[in-house]
Amino acid sequence: MSLPYYDDLLNGSMVFNFKLSWLLGLTMSYGFMNYFAGLGCSYLLCFSYITVILMMNLISFSMTYSLINQWLAVDGVSMLMEILVMLVLIMSLISSSKDFIMSATENMKSGVEAAVSLVSLVCLYFFIMGGWMDFFFFFEFSLIPTFWLILKWGYQPERLQAGIFMMMYTVSASLPLLIVLISMWGLMGTDSFLLVKLVGAKIFCQASWMWVVMLLGFLVKLPIYFFHGWLPKAHVEAPLSGSMILAGVLLKLGGYGVLRFIWLAEIFMGKMVLCVMVLGMWGGFLSSVLCMVQSDLKSLIAYSSVGHMGMCLGSIMTMYGMGKLSGVCILFSHGLCSPCLFALASSTYDWSNSRSVVLSKGVLRVFPIFSMFWFFFCVVNMGVPPSLSFFSEVYSVCSLLWLSFAVCFPAGLMCFMAGCYCLYLYAAVNHGCGSNMLKPCKLISERYLYSMLFPSFSLVLGCSCMDFFFI
């Protein structure tokens, strides 16, 4: 007769295996259904997957950290990040109609859907790893298919420089993290998050420099200001699917890593934490100011991501429960909003053949439905009620205000500048007349609209079930 614990463990493993098989079936069958059954059936499959994952989260898993087997462990944050990965995967595949057309006509461009699916699959495994060595492996392995996406499907010759920038920044910052993780493994005799948490992690966290080195790899991947130089280059040179995966999923690896290791090491508020927080907050404000002077649409959206991630880092570093909840919600809402902005920028490029903010004008006069989506995601990006972005930023500012008014001041400036550059982005693209120097086309693929329908409903209606997003 088996013990109840092992029965629960077996049931959890069966549920997870079913979920994983559902994911693999979704990823592998998307291409066939897209061409033979249409986008409606593909999107219905996406909705059904999200429904199943939500039901499993509510029924089979609690909000505590649960060990499925010796390799895999889940909690509410990891489940939410898995849902985000699947949503961004479907959005990027549906929006990348131009890359699919190039795949059908040019042999050298084939395989973009495989690269996007591989990045998403690696990220899915990253969010459910129960040991920090496997955790680090998938954290670094996600760079390889991303580098492949930028190098092979980038549109400009500078894509090699952008890929090298990304690899050098992230790998050089991750090497100290690897050394610390290996030393922790040798000291504790295991790399399991749960076992180390149970025996007490303070024995290797007495020195503040150790956890600063530990978090450095995640701060570069997040990224915070002064370590963000690779992000605008990677976004500008990457194809649309690469930009959507990069903004929606890969940046969240850094935020999730910060959350997981703060929980593991029981890091407390101190001078070093305050320095990292102030660096992230003021860096986010500076990146928001830089958005006002960008001439490239993708570069502007990339710098706005640096600002939002600075706000997320600041709220997490307050060490308050509300700060952690708002940080997770910022990760999710930004993971849905930013890929949609990149999809809109790509649709504008398909119409005007230019990403210049000065030249790409008059979308409201030509494509009113696209202008409506531009307005919606711009106001969501600046945090307008009743969107998830609004509630996450309000709770984030409250947690910072509880800590200190001096730390809350750059957060207020950041929110103000977010409103400024979002209004500037919408007005610059949608109003005015197109330049005579351009030769615009008459049609834009409707796939962009299909990809943005469900995220728009999620961002607005998410306020009705905030207990699921504030984990």
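Helices (H or I, at least four residues) and strands (E, at least two) are taken here as DSSP runs, numbered from the N terminus. The structure is a predicted model, in which local features need pLDDT of at least 70 and side-chain atom pairs count only at pLDDT 80 or more, while totals for chains, interfaces and linings use all residues. Residues are numbered from 1 along each chain as its sequence is written, and side-chain values use heavy atoms, with hydrogens and water left out.

Aromatic rings of Phe, Tyr and Trp (its six-membered ring) are paired if their centres lie within 6.5 Å, and a pair counts as stacked with planes under 30 degrees apart, as edge-to-face over 60 and as tilted otherwise. The whole structure holds 28 such pairs, one of them the stacked pair of F137 and F141, with 5.6 Å centre to centre and 15 degrees between the planes. Because F137 and F141 are four residues apart in helix α6 (residues 132-141), about one helical turn separates them. On the scale where buried means under 20% relative accessible area, exposed over 50% and partly exposed in between (1.4 Å probe, protein chains only), F137 is partly exposed at 48%, and F141 is partly exposed at 26%.

One aromatic cluster is formed by F126, F127, W132, F135, F139, F193, F218, Y256 and F261.
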